[in-house]
Amino acid sequence: MSPAEIRHELIRVTKQAYADKMFAATSGNLSYYDREAGRMYITPGSYPYEIMTEDDVMVIDLDGNVLEGTHRPSSEWRLHAAIYASDESVRAVVHTHSPYATSFAINNLPIPAVLYEMIYFLGGDIPVAEGAIPGTPEVGENCVKVLKDRYGCLMGNHGAVAVGDTLARAYTRAVYIEDAAKAYSLALAHGPVKVIESQVVDRIRGK
């Protein structure tokens, strides 16, 4: 994608996430990493989504140096940078504060593989990364540890993060994290939950 196309897609998905209530006020952040150019396009920090435009997108490198833009990059740029540095297949990161997923993050409870869609879209269960003070390197370091063989995780006492090779795919995975958290929360209220057998998970993942 060209720089203009990246900006357009980043704002399009960001607006969709805000409309879907995947975060509130100015929380949450999205980014796309142009690996060939070494440029990370990321939403600005503490800036209202209602008025955000393509011109507000910040461009930085993985060390946080501002290359383009008139705002501050999201305070969680280190989270995004750590994920990009750890996995060359990742080009997009979506960090949300969606309510059901965040509730399990607050409980520090992983979500087991209770839906087949979780295996296909997320790689299996949804682990919880150890919580860390927002904006610190530890946030990204802790997420990287649990994202191995997974496309998303919860962040202890914080929210959730999803990754992908495109912004659309990363956002779809963020939606599936929230959907799984909601379904699991409702199921727990009904009684014992049946988790999909590990051999079935491995069989599907093998495909």
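Predicted model: local features only at pLDDT ≥ 70, side-chain atom pairs only at ≥ 80, totals over all residues.

**Helix contacts, sheet and overall dimensions**

In the contact between helix 2 and helix 5, R78, L79, A82, I83 and S86 on the helix 2 side meet P137, V139, G140, E141, C143 and V144 on the helix 5 side, where contact means heavy atoms within 4.5 Å, and where helices (H or I, at least four residues) and strands (E, at least two) are DSSP runs numbered from the N terminus. Residues are numbered from 1 along each chain as its sequence is written, and side-chain values use heavy atoms, with hydrogens and water left out.

The axes of helix 2 (residues 77-86) and helix 5 (residues 137-146) come within 7 Å and cross at roughly 40°; axes here are lines fitted to C-alpha atoms, for helices over the stretch in contact, and angles run from 0 to 180 degrees between N-to-C directions. That crossing is right-handed, that is, the near helix is turned clockwise from the far one by less than a right angle, anticlockwise being left-handed.

A second pair is helix 1 (residues 3-19) with helix 6 (residues 167-190), which pack at about 15° with their axes 10 Å apart. The two are therefore roughly parallel, the label for angles under 35 degrees, with over 145 counted as roughly antiparallel, 65 to 115 as roughly perpendicular and the rest as oblique. On helix 1 the contact is made by E9, L10, R12, V13, Q16 and A17, and on helix 6 by L167, A168 and Y171.

Turning to the sheet, it is open, with eight strands in the order 4-3-2-1-5-8-7-6 and mixed pairing, two strands being paired if DSSP finds at least two bridges between them. Strand 4 (66-68) and strand 6 (128-129) are the edges, each pairing on one side only. Strand 5 (residues 92-96) and strand 8 (residues 159-164) are antiparallel over five bridges, with V94 opposite A162 in strand 8.

How many helices and strands are there in the protein? There are seven helices and eight strands. The C-alpha trace spans about 50 × 35 × 30 Å along its principal axes.
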